[in-house]
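Please read it alongside the sequence and the coordinates.

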Amino acid sequence: PFETDLAGAKCLILWGMNPGASTLGGMNGYTDLQKNGLKIVVVDPRYSETASKADLWLPLRPGTDAALALGMMKVIIEEDLYDHEFVDNWCYGFDELAERCKEYPVELAAEIAGVEAEDIRKAARLFASGNPSTIQWGLKVDQTVCGIPLAQGLLSMGAICGDIDVPGGMMIPRCAYDIPDSYGC
């Protein structure tokens, strides 16, 4: 759903995406960017070529992605790593989001997702302090039953960190083939 300016990003989360196997040229472009300081976090149950080259791999239990995203946002909010100005000017419902995240302390998110609590904290800190940061997701988000709440969580994480529609962040592109937003697929 979002285009990215990876050359301008400081942190990239590849969520349910394995460009090492699915993108022409594999991981070459990503590892070149790592040499220039890009931090890569891979969220994927499988240890892949992509995960092997990441700075951090979160091998979550399949279907627990939304709990992981809520746990990461809990860290970002609790440690005051979010972008106050962006939230105040552009985010609706932040207080409600913060309340919802309280239901997912890192230890609970770790238990649900099968990921180490300290790795969740590390991923959240990398994302929130790497501004601009971006998330690229794969079919896991787009084609599963829990895809909508997960997409909402990932976009919320980008929003509270001020990484929406900024160079190196999560850019808002035009609709494909100039199809109007109102086209109700």
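A salt bridge is counted here when a side-chain nitrogen of Lys or Arg lies within 4 Å of a carboxyl oxygen of Asp or Glu. The model is predicted, so local features need pLDDT of at least 70 and side-chain atom pairs count only at pLDDT 80 or more, while totals for chains, interfaces and linings use all residues. Residues are numbered from 1 along each chain as its sequence is written, and side-chain values use heavy atoms, with hydrogens and water left out.

**Overall**

- The protein has 10 helices and 6 strands; helices (H or I, at least four residues) and strands (E, at least two) are DSSP runs, numbered from the N terminus.
- Of the 185 residues in the protein, 48% are buried; buried means under 20% relative accessible area, exposed means over 50%, and partly exposed lies in between (1.4 Å probe, protein chains only).
- Contacts (heavy atoms within 4.5 Å) were taken between residues at least 6 apart in sequence, and 69% of these join residues at least 24 apart.
- The protein exposes about 9,700 Å², of which carbon and sulfur atoms supply 53%; accessible areas come from the Shrake-Rupley method with a 1.4 Å probe, and for residues only the protein chains shown count as cover.

**Salt bridges**

- The whole structure contains 10 salt bridges.
- Arginine 125 and glutamate 79 form one through their side chains, at 2.7 Å from N to O.
- Arginine 125 belongs to helix α8 (residues 117-129) and glutamate 79 to the loop between α4 and α5 (84-90), so this pair ties together parts that are 46 residues apart in sequence.
- Both partners are partly exposed: arginine 125 has 30% relative accessibility, and glutamate 79 has a relative accessible area of 31%.
- Arginine 125 also forms a salt bridge with glutamate 118, where the closest N and O atoms are 3.3 Å apart.
- Glutamate 118 is partly exposed as well, at a relative accessible area of 45%.
- These residues belong to a network of salt bridges that links Glu79, Glu107, Glu118, Arg121 and Arg125.
- Elsewhere, lysine 35 and aspartate 32 meet in a salt bridge at 3.8 Å, N to O.
- Both of these residues lie in helix α2 (residues 28-35), 3 residues apart, or about one turn of the helix.
- An α-helix has 3.6 residues a turn, so residues three or four places apart point the same way.
- Lysine 35 is exposed, with a relative accessible area of 68%, whereas aspartate 32 is partly exposed at 41%.

**Helix α4**

- Helix α4 (residues 65-78) has 14 residues and should span 20 Å at 1.5 Å a residue; its end C-alpha atoms are 20 Å apart, which agrees. The expected span is 1.5 Å times one less than the number of residues.
- The helix is mostly covered, with 12 of its 14 residues buried; among them are Asp65, Lys74 and Ile77.
- Just after α4, aspartate 80 takes a positive phi of about 60°.

**Strand β5**

- Strand β5 (residues 133-137) is mostly covered, as 5 of its 5 residues are buried.
- On one side these are Ser133, Ile135 and Trp137, and on the other Thr134 and Gln136, so both faces are covered by the definition of buried (under 20% relative accessible area).
- Strand β2 (residues 11-15) runs parallel to β5 and is joined to β5 by 5 bridges; two strands pair if DSSP finds at least two bridges between them.
- In this pairing, cysteine 11 stands opposite serine 133.
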